[in-house]
Amino acid sequence: MTENKVLHLVPGLDIGGLERVVFTLCEQQKTKSWEPLVYAFESDSGSMVPLFEKVGIRTICRAKGRGFSWQLPFRLLQLTKTNGIRLIHSHDLGSLIYAVLASLLSCRKLRVVHTQHSFQHLKNPRAKLYEKIFPRFADSIACVSDEIVQTYDRLGQNKKHLQLIPNGVSFSNPKPTENKSSVRHRLLEQLNLPTTLAEKKWALYLGRLSKQKGAFHLANLWNAAAPEGAELFLVGPESEMGILTTLKQLEIPHLHLAGPSLQSTDWLRASDIFLSASEQEGLPMAVLEAAAHRLPTLLSEIPGHERFRGWACFF
């Protein structure tokens with residue numbers, strides 16, 4: 001049985017900050033002779049699956065169905081036994097619960113490492129209760145920001161199990177040969193939008209479309225006070241059922257729903273300003289990428305954005 005095998009447990013594999021962190025982590029593990037396997041339990045497919053498979057990272061997408069699944073912990077136990085895996089790495093509260101239950105079924109032979117990316121869910125009383133219980137069964141918890149460490153401390157978690165490991169970003173093409181105008185025209189053609197928009201000022205939101213990420217708030221702000229000659233592009237997958245339809249029905253001028261994209265670098269290069277109205281963040285990947293591109297940034301005033309105060313503007 002090989003020790004260097006790990007099962008990454010995630011809700012889904014559509015493009016998003018969490019999924020990109022998992023992808024980067026798996027890439028790095030492969031260079032260190034680890035064998036990562038990624039299991040997504042909310043959907044039978046995912047837009048990032050080809051990206052994982054292209055670099056030789058095996059993925060399994062198998063929807064568990066609606067509600068809590070008592071079958072999933074047993075399925076994970078069988079999967080880890082079959083593949084000689086002794087370590088599960090969970091990446092959100094739901095993944096942690098299933099990982100802990102699989103570990104208990106194995107009589108704790110399965111170790112659990114958990115990465116906490118954000119605490120958006122803590123407004124839900126049940127989620128807050130679960131965050132007090134299930135992390136206690138993890139062998140180690142990676143926190144992507146100081147704020148997450150402090151939140152776990154307030155929840156009563158054992159500090160010796162907490163490790164501060166900030167998110168990072170990587171760039172495959174640090175010296176782009178394509179100019180900004182060319183990138184804009186290519187993106188507009190992909191969206192079937194008029195190429196005349198390439199001459200406008202571009203504002204960018206990059207992330208999941210959800211209320212907690214501030215998608216509605218940002219859209220309403222844009223509707224009320226959009227600068228003249230500017231276009232707002234919301235780039236990211238729908239993470240709450242119906243939110244895309246609702247945003248479309250608002251029919252806000254000069255706002256474009258670009259959908260999920262694996263071309264985050266292109267969008268950052270094409271834009272003039274980055275916007276985030278998120279209500280809760282850990283250490284946001286999209287803001288890190290905007291900073292790396294030296295893109296002017298306007299952020300909501302929340303703890304997760306605080307570390308960017310030195311160069312970003314707040315509202």
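**Close-up views of a predicted model**

**View 1. Glutamate 131 is located in helix α5, which spans residues 125-133.** Helices (H or I, at least four residues) and strands (E, at least two) are DSSP runs, numbered from the N terminus. The model is predicted, so that local features need pLDDT of at least 70 and side-chain atom pairs count only at pLDDT 80 or more, whereas totals for chains, interfaces and linings use all residues. Residues are numbered from 1 along each chain as its sequence is written, and side-chain values use heavy atoms, with hydrogens and water left out. Glutamate 131 is buried (under 20% relative accessible area, where exposed means over 50% and partly exposed in between; 1.4 Å probe, protein chains only). Its side chain makes a polar contact of 2.7 Å with the side chain of histidine 121 (a pair of N or O atoms within 3.5 Å; within protein, one must be able to donate a hydrogen and the other to accept it, and residues adjacent in sequence count only if both atoms are side-chain atoms). Not counting residues up to four places away in sequence, glutamate 131 touches several residues, among them Leu93, Phe119 and Tyr152 (contact means heavy atoms within 4.5 Å).

**View 2. Helix α1 (residues 17-31) packs with helix α11 (residues 285-292).** The angle is about 75 degrees and the axes lie 9 Å apart; axes are lines fitted to C-alpha atoms, for helices over the stretch in contact, and angles run from 0 to 180 degrees between N-to-C directions. The two helices, α1 and α11, are therefore roughly perpendicular to each other (65 to 115 degrees; under 35 counts as roughly parallel, over 145 as roughly antiparallel and the rest as oblique). Gly17, Arg20 and Val21 of α1 meet Met285, Ala286 and Glu289 of α11.

**View 3. Helix α11 is mostly covered, with 6 of its 8 residues buried.** The buried residues are Met285, Ala286, Val287, Leu288, Glu289 and Ala290. Their cover includes α1, β8, α10 (264-270), β11 (273-276) and β12 (297-299).

**View 4. Arginine 294 lies in the loop between α11 and β12.** Although arginine 294 is not a glycine, it has a positive phi of about 55 degrees. Arginine 294 counts as exposed, at 77% relative accessibility.

**View 5. Alanine 198 is found in the loop between α7 (180-190) and β8 (201-206).** Alanine 198 counts as buried, at 9% relative accessibility. Not counting residues up to four places away in sequence, alanine 198 touches Arg184, His185 and Leu188.

How values were computed: Lys and Arg count as positive and Asp and Glu as negative; His and the chain ends are not counted. A salt bridge is a side-chain nitrogen of Lys or Arg within 4 Å of a carboxyl oxygen of Asp or Glu.
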